[in-house]
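Visitor: Please put the model up. I want to go through its packing and its interface.

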Amino acid sequence: MISFPLRWTRAHRVVAASALSLLSWSSVSLATEQVVIASTGGAYDRALKAAWFDPFTKATGIEVVTVVATNAEMRAKVAAMVKTGNVTWDLYLDGEIQAASTAHKAVTEDLTDFCKQFAGRKDLGPNACAAGGALLQSTATLLAYRTGDGGPTPETWADMWDSKTFSGERAFPNFDDPWRVMAAALLADGVSREELFPLDVERALKKLDEIRPAVSVWWKTGDQSVQGFRNGDYSIGQIWLTRAKAMQNEGLPIGWSYKASFLVGDRIALVKGAQNRDNALKLMAFWLNSPEAQAMACEVLSCTPPSTDAIALMSEEVRKTMPHANEVRDFMVVPDAEWINANAAQLLQRWNEWLR
Amino acid sequence: MSGPSEVLQPTSPHQRRSTAASARFYSRGVSVCLAAPLVVALAIGFVYPVTRLVGLSFEGGSLEQYRRLVAEPLYLGVLASTVKVAFIVTIASLLLGFPVAYLMARLRHGIAMVVAACVFIPLWTSVLVRSYAWVVLLQRNGIVNTLLADAGITDGPMKLIYTQGAVIVAMTHVLMPFMILPIYSTLRTLPPDYNRAARNLGAGAFRAFISITLPLSLPGVFAGSVLCFVLALGFYITPALVGGPGSMLMATLIGQQTTVLLDWPFAAALSTVLLTVTLIFVFLFRKTLSLSKGLHSVH
């Protein structure tokens, strides 16, 4: 054993050489430029990877590392990272409304300067890039119903409350973000879209008392809303458009109405103190600058991309089910993010009190 | 009581106690060294974060968080229903778990292993999986509803899932192993001679159980009940999956404050209250049980 270092056999040389090459290989991979992004995983992640991350890596050589977490986990984790100064993520995805909150501003970088480069773009709307993050996609929370009995179809929130004309049980979301249920109740009670915000919470809850016995599903996750519809647990529900489309693709008898819908979207936010800040900005710019990537992802996810050029690239079939410009103009409700954020704690507390 | 059995049974509790006493032979220095790793680990991984958490709830030296907690009836109301659910689940686990533990302790080795496997395998399965299993069982077109309808007991599907009842059933199922195992380990150490002696002196099987086996098994009952109760107080996943809007528990509210509203001082205040209530109940529980006879080994 003592003579071991002296007998430098061929085998030793091979081992040493491969060890050295391993070392150099790992240092090379460490040196590779990268950017870390957190998203909600699953089908969503796969679509983004194929349409956005992979083409980006091909174009720039920057590796995109994805981390999977729920939106709530992301928010809590990013807050903890910034608080402790140990930031390991660069970008994460958050809801349009949350991205306008003060809690969000405290942990993410203000993108106002970054957004200036998109100011002159005709295909991007004014909110495609905002201080809180770049717009990833938009979708809706809306009224969906079971089709096929040949009768009239519900179109408005008032129809959802009308149990005489439209029988069957109802579904509403209950994922700690109650504004959209209250807003639907107020619209059903005759409040106009223009006067909806600030929400009259007590009036909304009073209206909800009427429908409460008919509600069979208070869904917490998108999957619950799908499973409930498959099982026949409800025939009219307030659910996500993405899920309603997924069920239609499955062949389930489902229809929906843009006359009872709320516009909601996802934003890409830059974590304060991100280690790969430059790469993160490049990745965000790549999304907004490539209608092809947006079209490809939204084709799969049934979302509305930020660029109108991207919409033009999507298939006729998908475009047919997207809300028309006049439906958006006349009916879709754009939530007052500022008001919702300012009153989030109070809303949730009152909601919890009502619900239990 | 253990006098005669000491002669008959070399591995009686008495004998075991004298082995345990041999720990006193170690010098103070060795004892400190042996305990040090665990003490350090607990200090870093448990005492420090809990202290920070409690400190966070008094942020800025104010009682503002607690004022809000008491002023809104919601929070104390949910706390009360959390304690209620935890109690029901503990009692249900005890009633269902004790016979299983008794059976495991009395059966022949081979069959006891099979019963033990039935207890252990669910314990090793993720809580998420077990809770989802209840979703499958209890849903509208689930097995339970189909069976009831086929047997002609019910006309149509009953509302089983997303109810308080579903939460209690699923939580009891998840927590049962924590009740069975401590009771089982206590019953195993009871020499069968005590029971035989009681029967010999004219007690019926029931009387022997009530006055001999049951009191002697109380340390296990205590340990199991405390485990179940404490775990039930902090349950989060199961109520979220099988519960309805009415089954709101403390952990749900703490989760909302931590991840949705990012109001950590208030989340810390809620956690501190839950922690305090837990400690109070564990203390009361021990007091009550130690009054009953046969519980001298609960220190």
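Visitor: Is the crossing of α5(B) and α12(B) left-handed or right-handed?
Guide: Helices are DSSP runs (H or I, at least four residues; strands are E, at least two), numbered from the N terminus. A crossing is left-handed if the near helix is turned anticlockwise from the far one by less than a right angle, and right-handed if clockwise. For α5(B) and α12(B), the crossing is right-handed.

Visitor: What pLDDT do local features need in this predicted model?
Guide: Residues are numbered from 1 along each chain as its sequence is written, chains are lettered from A and ligands numbered from 1 in the order written, and side-chain values use heavy atoms, without hydrogens or water. The model is predicted: totals for chains, interfaces and linings use all residues, side-chain atom pairs count only at pLDDT 80 or more, and local features need pLDDT of at least 70.

Visitor: Which term describes the angle of α5(B) to α12(B)?
Guide: Axes are lines fitted to C-alpha atoms, for helices over the stretch in contact, and angles run from 0 to 180 degrees between N-to-C directions. Under 35 degrees is roughly parallel, over 145 roughly antiparallel, 65 to 115 roughly perpendicular, and the rest oblique. Helix α5 (residues 73-106) and helix α12 (residues 218-233) of chain B pack at about 140°, axes 9 Å apart. So α5(B) to α12(B) is oblique.

Visitor: How many charged residues are in that contact of α5(B) with α12(B)?
Guide: Contact means heavy atoms within 4.5 Å. Among the residues involved are B:Phe87 and B:Phe98 of α5(B) and B:Phe229 of α12(B). Ala, Val, Leu, Ile, Met, Phe, Trp, Tyr, Cys and Pro count as nonpolar, Asp, Glu, Lys and Arg as charged, and the others, Gly among them, as polar. The contact of α5(B) with α12(B) has 10 nonpolar, four polar and, for charged residues, no such residue.

Visitor: How much area do chain B and chain A bury between them?
Guide: The contact takes 26 residues from each of chain B and chain A. Buried area is the accessible area (1.4 Å probe) that two parts lose on being put together, summed over both. Carbon and sulfur atoms carry 55% of it, and the total is about 2,500 Å².

Visitor: Which residue does B:Arg140 meet in a salt bridge?
Guide: A salt bridge is a side-chain nitrogen of Lys or Arg within 4 Å of a carboxyl oxygen of Asp or Glu. Chain B and chain A have two. In one, at 2.7 Å, N to O, B:Arg140 meets A:Asp233.

Visitor: Where does B:Tyr162, with its positive phi, lie?
Guide: Most residues other than glycine have a negative phi. B:Tyr162 is not a glycine, yet its phi is about 60°. B:Tyr162 lies in the loop between α8 (143-150) and α9 (164-189) of chain B.
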